Amino acid sequence: MTVEFESYPEIKSYAESVAEPKWFTEMRIKALEAQPALELPNFEKIRYQRWPIQVKKALKKFSSDSDLLEELDIEEAKYLVVQLGQDTVREKGLTELEEQGVIICDWQTALEQHSDLVQKYFMQKAVKYDEDLLTAQHVANLTSGLFVYVPKNTVVKEPLTTYFVQDATTKADYVHHVIIVTEKNSEFSYLENLTTVGSEKTTANIIVEVIAGTDSHVKFASVDHLGTNTTTYLNRRGHLEDNAKIDWSMGMMNDGNIVGDFDSDLVGNGSHSEVKVVAISTGKQVQGIDTRVTNIGRHTIGHILQHGVILSRSTLTFNGIGHIIKGAKGSDAQQESRVLMLSTKAKGDANPILLIDDNDVTAGHAASVGRVNQEQLYYLMSRGLPKKVAERLVIRGFLGPVLAAIPSKKIEEQLKVTIERKLVDGQTDE
């Protein structure tokens, strides 16, 4: 297929301004041309199609004012990357990792210095560029991100901590991509912080691809706290080869409407994915979280654990999907989704879905949507606690089983702090 750059002056101008490789510019154009034939992805019981979730603003390069970071609490870490908008504003400890052959760089640097590696993995295994309208819009408008490559037999003992700060002081859309590749017999831990500065109405389209090679182990944790006026499509995908493992721990603390699309494909025999999600919805916010694990290889394990809390007039929907493909004998698919409602005006849903296409497998599910236990609340209030404090204690107990199952104590503590802040802010709007 011949791609005519001259027919797309906006893309051509941007590509020249950042000196991106020809193959990537061609992929942008292919994604743009594919869009008229593509539809928005469909998620059970998540009605988001009329949201301003599509990327429509012009593709352009811009820089953000670094003073915007002053209002943020950025925790020190041994290995650290901080990005504000399209710019990388701080890096720490990466030289030490480079000596082990580990590559960690921002998106433009990756395209410039590691083009062949990026081309090998970008939208090739975990997600396809023309999978649906939102993935195609993502490729056509991508302007920031991170590339991580861990060579075989390499163990990174300390986690890489990243802060990705959306600049919503302008009306530019935030289109961001992360690729994490771990080769055979390697180990890597990653903590991602997503947040927003500014209050303009914007769209965020974020895709994360984790490609876990044979016998490798990835610990992926995130604390997501995007702004009230940011409408978000957040797609995190895992591709696991033989005996690979990914531990996902995700805290959905966003203030705006969001669709979370979390998939793990257990392609290799003996691969294993543990997915843990905690979510809190407040105000009039709508959060729809669709979590899927697909058992493709033999003797694979896919577990989903999701707990969420709803306050005020907000909405939270959990979909938990376990799919055992024909031929995936000896596999295990388990899921639990529970929603706690603290308001009579809130809406919650927990949908367990099991798709079993083979015998000699193990599968199970649990789901519940309920209100706070009044006896627990009464007991705490009878000991002199105000109602809102008592409610927060009940919520902590409800979310506790998920937090306790997170493999990193540091991440568990960070989530507890974020949850407390979100609960305090959320209770003030009731």
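**Close-up views of a predicted model**

View 1. T154 is buried, at 8% relative accessible area (buried is under 20%, exposed over 50%, partly exposed in between, with a 1.4 Å probe and protein chains only). This is a predicted model, where local features need pLDDT of at least 70 and side-chain atom pairs pLDDT 80 or more, while totals for chains, interfaces and linings use all residues. Residues are numbered from 1 along each chain as its sequence is written, and side-chain values use heavy atoms, leaving out hydrogens and water. The loop holding T154 sits between β4 (144-150) and β5 (160-167); strands are DSSP E runs of at least two residues and helices H or I runs of at least four, numbered from the N terminus. Leaving aside residues up to four places away in sequence, T154 touches Q100, V102, N185, S186 and E187 (contact: heavy atoms within 4.5 Å). The T154 side chain also gets to the backbone oxygen of P151, at 3.1 Å.

**View 2. Helix α2 meets helix α6.** On the α2 side you'll find M27, R28, A31 and L32, and on the α6 side A136, V139, A140 and N141. Sorted by type, that's six nonpolar, one polar and one charged (nonpolar: Ala, Val, Leu, Ile, Met, Phe, Trp, Tyr, Cys and Pro; charged: Asp, Glu, Lys and Arg; polar: the others, Gly among them).

**View 3. Strand β11 has parallel partners.** Seven of the eight residues in β11 (residues 245-252) are buried. Eight bridges tie β11 to β9 (residues 217-225) in parallel (pairing takes at least two DSSP bridges), with D224 opposite M252. β13 (residues 272-281) also pairs with β11 in the parallel sense, over eight bridges, and there G251 partners V278.

How values were computed
Polar contact = N/O pair within 3.5 Å; in protein donor to acceptor, adjacent residues only side chain to side chain.
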